Amino acid sequence: MIPQNLLRNPLALTTQKCTLGCPILDRCLYGGVPCNSVTELVAESASGKTQLCLQLLLSAQLPASLGGLAASSLYIHSEFPFPSRRLHQLSQSFRSSYSHVFDSAYNPLDFVFVQGVQSADELFDVLLKTDSILLRPRTQLPVRLIVIDSIAALFRGEFENTPLDLKRRSSLFFKISGKLKSLAERFGLAVVVTNQVVDVMEQTEGLNVLRIGNLGSLYSSGRRVCAALGLAWANCVNSRLFLSRNEEILAEVTGDSVGRLTRRRLHVVFAPHLPESSCEFVISREGVFGIER
């Protein structure tokens, strides 16, 4: 069954979703990030992965009538330092935009729990302890969004390219993804995991760069890329979104300097409930916002 057929089935549209904080981006994803599943954001550095994740932490606190989950969030980061200044900046914009929803004493940061991890084993240990947090909420808003930023950072430097390490790596893939899916289904969570990309070299093409999903090839910054961690990890997520970035030269300014414009775009690579689609977006002081062309 292809995604277009799934969309004609009303059951495919009943899953609750968490708004991205922008109606244009939400339309691209038919409402936002779905609960009860694992959604992956793939992109090179500076494409907007973390920015979008931070915005989700705040959007999840909105009531269901505004597309949120009325929930707290757990943000697990493996890349240091944690972007606390940017989250604080976004939270101020969030409070200003939704002053009619929350009272003046409301602080969105009170409903964001942060945990740093430095290895895949440590991540799995944290996930094993997450049940207690979900069963006994620490705030009036239960945790219903888990973000892991990023999964690739935990695996790319820890394992060697040997049969024994590759076997152990695959085992951890399935243990971590299995636990995430179990938590998502048991507690109705939205789970978002970020992943990095690697350059595709023509002479090294193999299983890891087989076409996966809607897009024949992924391009960012003028380079052909593919998601890190290969085919084994691709089978561990329910949906994959790709964020691309490309610089356009506008005009020569003075001497050797030129004016540049960075264009960013969100693409649906694969998802059981979505057809192929994409949307341009920008990152501003106030947040991440889609652009209608």
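This is a predicted model: local features need pLDDT of at least 70, side-chain atom pairs count only at pLDDT 80 or more; totals for chains, interfaces and linings use all residues.
Which residues of α3 are buried? I found the buried residues of α3 to be Lys49, Leu52, Cys53, Leu54, Gln55, Leu56, Leu57, Leu58 and Ser59. Helix α3 spans residues 49–59, and because 9 of its 11 residues are buried, I recorded it as largely enclosed by the rest of the structure.

**Entry on Ser239**

I next looked up Ser239, which belongs to strand β11, residues 239–252. Its relative accessibility is 2%, and the cut-off for buried is under 20%, so I noted Ser239 as buried. I then listed its contacts, setting aside neighbours within four places in sequence. Ser239 touches Val38, Thr39 and Glu40, and also Phe270, Ala271, Pro272 and His273.

**Entry on cis peptide bonds**

I looked up two cis peptide bonds. One joins Phe80 and Pro81, with omega about 0°. I located Pro81 in the loop between β4 (72–77) and α4 (84–97). Another joins Asp149 and Ser150, with omega about 5°. Ser150 sits in the loop that runs between β6 (143–149) and α6 (152–155).

**Entry on positive phi**

Where does Tyr30 lie? I placed Tyr30 in the loop between α2 (23–28) and β2 (33–34). Its phi is near 55°, a positive value, and the residue is not a glycine. With 42% relative accessibility, Tyr30 counts as partly exposed.

I then turned to Asn36, in the loop between β2 and β3 (37–43). Asn36 is likewise not a glycine, yet its phi is positive, at about 65°. I recorded Asn36 as partly exposed, because its relative accessibility is 35%.

Definitions and conventions:
Residues are numbered from 1 along each chain as its sequence is written. Side-chain values use heavy atoms; hydrogens and water are left out. Helices (H or I, at least four residues) and strands (E, at least two) are DSSP runs, numbered from the N terminus. Buried means under 20% relative accessible area, exposed over 50%, partly exposed in between (1.4 Å probe, protein chains only). Contact means heavy atoms within 4.5 Å.
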